[in-house]
Amino acid sequence: MKYKIILVDDEEEVLESIHRNLDWEAYGFEVVETFCNGWDVLEFLESQEADIVITDIRMPFMDGIELSKYISERYPQVKVMILSGYGDFNYAKEAMSYQVMDYILKPINAEEFGEVLQRVFDTLEQERNECKNIDLLKKQYLESMPVIRENLLNMLIEGNAHGEYAEEEIRRCNIPIWNADYWAVALIRREKTEGQTERVDEQYISVYIRQLIEEYFNSQFNCAVFYSKMGVCVIFGMRKKEEITKILRCFYNMVKGSQKVMGLGLAIGVGKVKETLSDVGSSFEEAGEALLYHKMKKDGQVIYMGDIDISKQDIALVDGESRERLFSAIKFGGAEEIRLALKEMHIQLEKQNMNRNVCHAWMGSIRNAMSLFIRRYAPAMSEIFDGAFDFMKELDKYEDMDSFFAWLESRCFYLGEYISKERNSKNQNIIDAARECVQRSFGNPEMSLEMTARQIGLTPVYFSNLFKKETGETFGEYLTRQRMEEAIRLLDQTEEKICAIAEKTGYMDAGYFSHVFKKKYGLSPIQYRRQNK
């Protein structure tokens with residue numbers, strides 16, 4: 001890979017000579033652009049990349065020292081080399097204070113310049129190799145391991161980590177569940193009951209629950225404890241299916257111990273045992289369903305989905321195909337697609353001739369699946385579900401499946417519109433925010449793509465590409481256009497001096513302001529004012 005160089009000199013002949021008389025590629029470089037002043041360099045760097053800027057020290061509008069200062073502040077990854085015919089030590093000293101890589105005195109022949117480039121290339125290669133230092137990366141990786149594990153486990157239960165990739169990543173992170181034949185997931189939440197006095201502050205409850213799990217399970221079972229969006233979660237890795245019995249017994253003891261020692265009530269849902277790691281997400285959903293079933297039945301604080309017997313009727317609570325068809329309609333379809341997906345789901349359920357308890361279990365199942373979907377795609381769950389976090393209270397409102405599906409359809413319509421609007425307006429909101437930043441601050445000479453990206457919370461590269469895609473012009477072109485339009489207004493409506501107008505439109509140098517103005521309109525500001533008077 002060649003390193004990218006920008007050449008800057010106000011004398012076009014000198015610039016052309018430097019560009020033409022050196023075999024840049026032989027030294028591992030390519031010249032990506034040449035400029036006659038520093039302002040154009042900064043405008044280029046707002047949307048393009050470069051590794052080195054080689055600049056003359058004496059230039060109009062912005063000299064090499066000032067350009068070096070701007071680059072060191074805004075683009076510290078870009079190296080600067082000063083090329084000058086002035087052997088003034090003070091210049092060299094000031095240049096070095098802005099981390100200038102080298103200070104080269106003119107005249108310099110091709111051979112000498114080549115030696116300089118070779119040194120620069122060796123330095124850049126050394127820096128690149130240091131960045132690749134395995135020991136350093138390993139240290140940083142180990143320091144990040146707790147976060148990596150937590151993210152990986154959440155990806156696993158949400159169905160975003162599959163097959164060999166998931167197994168390899170879990171093994172590499174040394175998570176003890178990887179070397180197992182069976183898996184099951186448990187969800188633990190605090191349980192509030194009337195008259196209960198708790199001796200644990202609200203903000204510490206999740207930490208206390210996690211400590212309890214580690215105390216009761218770590219020495220006996222291979223498990224991973226982490227925080228999920230639905231509460232404290234545990235994934236168990238087992239050699240035999242029968243181990244689930246011991247796990248449930250430990251949970252019962254943990255619930256009793258928590259109540260006795262700390263006065264803290266716990267509710268625990270445990271999903272069914274799965275034979276493949278890729279089915280852990282299914283066990284996680286079942287654990288959430290078990291918690292809902294616990295609320296409905298009000299008996300027992302540890303509910304295992306494998307033990308639930310609903311009138312001995314066979315029922316797939318929410319089969320994956322129907323669920324994904326509905327979610328796909330919500331995300332990408334319209335009202336008709338949502339209505340069709342729900343209609344098919346309703347027909348399937350009617351064929352099962354379910355009693356009220358089974359209906360309630362299915363309602364809890366779809367509600368849990370919807371909660372997971374909303375947490376991923378539309379976090380405003382309280383809005384979409386009318387603030388009904390305790391869904392069991394909602395169940396009593398519906399006498400039959402028809403009334404429930406009518407409610408569910410209205411919520412799915414609302415959710416589909418919400419996601420559609422979010423998707424369509426997200427980019428426009430970003431552009432509007434950027435334009436507002438420009439309108440508010442174009443008179444600030446520090447105004448730049450980087451500053452705007454930081455204010456709206458995006459990386460400069462992503463923001464630059466998005467702005468060009470949505471508006472058809474680069475951010476630098478838009479900023480210049482706004483400044484020039486304001487300059488036209490001030491020239492037409494006021495008698496202010498050119499230097500004052502330059503300052504008000506974000507240009508510290510009136511000469512450079514005139515240069516940009518003439519480049520855009522074909523006239524200098526003075527000529528424009530005289531002509532339009």
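Glu-158 is partly exposed in this predicted model, with a relative accessible area of 27%. Here, buried means under 20% relative accessible area, exposed means over 50%, and partly exposed lies in between (1.4 Å probe, protein chains only). Glu-158 sits in the loop between α6 (134-157) and α7. Helices (H or I, at least four residues) and strands (E, at least two) are DSSP runs, numbered from the N terminus. The model is predicted: local features need pLDDT of at least 70, side-chain atom pairs count only at pLDDT 80 or more, and totals for chains, interfaces and linings use all residues. Residues are numbered from 1 along each chain as its sequence is written, and side-chain values use heavy atoms, with hydrogens and water left out.

Salt bridges were searched for across the whole structure, and 20 were found. A salt bridge is a side-chain nitrogen of Lys or Arg within 4 Å of a carboxyl oxygen of Asp or Glu. Glu-127 pairs with Lys-79, and their closest N and O atoms are 3.1 Å apart. Glu-127 belongs to helix α5 (residues 110-131) and Lys-79 to strand β4 (residues 79-84), so this pair ties together parts 48 residues apart in sequence. Glu-127 is partly exposed, at 29% relative accessibility.

A second bridge joins Arg-172 to Glu-169, with the closest N and O atoms 2.4 Å apart. Both residues lie in helix α7 (residues 163-172), 3 residues apart, and are therefore separated by about one helical turn. An α-helix has 3.6 residues a turn, so residues three or four places apart point the same way. Arg-172 is partly exposed at 39% relative accessibility. Glu-169, in contrast, is buried, with a relative accessible area of 15%.

The side chains of Lys-504 and Glu-496 also meet in a salt bridge, at 2.7 Å from N to O. Lys-504 is partly exposed at 45% relative accessibility. Glu-496 is partly exposed as well, at 22%. Elsewhere, Glu-150, Arg-210 and Glu-214 are linked in a network of salt bridges.

Negative charge gathers on the surface in a patch formed by Asp-10, Glu-11, Glu-12 and Glu-13. Patches are made of residues with over 30% relative accessible area and no salt bridge; like charges are joined within 9 Å, and nonpolar side chains (Val, Leu, Ile, Met, Phe, Trp, Tyr) within 5 Å. Lys and Arg count as positive and Asp and Glu as negative, while His and the chain ends are not counted. Glu-13 is exposed, with a relative accessible area of 74%.

The search of the whole structure returned 0 disulfides. Cys-223 is in no disulfide, and the nearest cysteine sulfur, that of Cys-250, is 10.0 Å away. A disulfide is a pair of cysteine sulfur atoms within 2.5 Å, and the 10.0 Å from the sulfur of Cys-250 to that of Cys-223 is too far for a bond. Cys-223 is buried at 7% relative accessibility. Cys-250 is likewise buried, with a relative accessible area of 10%.

Helix α17 (residues 449-456) has Leu-449, Met-451, Thr-452 and Ala-453 as its buried residues. Gly-457 follows α17, and its phi is positive, near 80°.

Notes: Areas by Shrake-Rupley, 256 points an atom, 1.4 Å probe, with all protein chains shown as cover. Charge placed at Lys NZ, Arg CZ, Asp CG, Glu CD.
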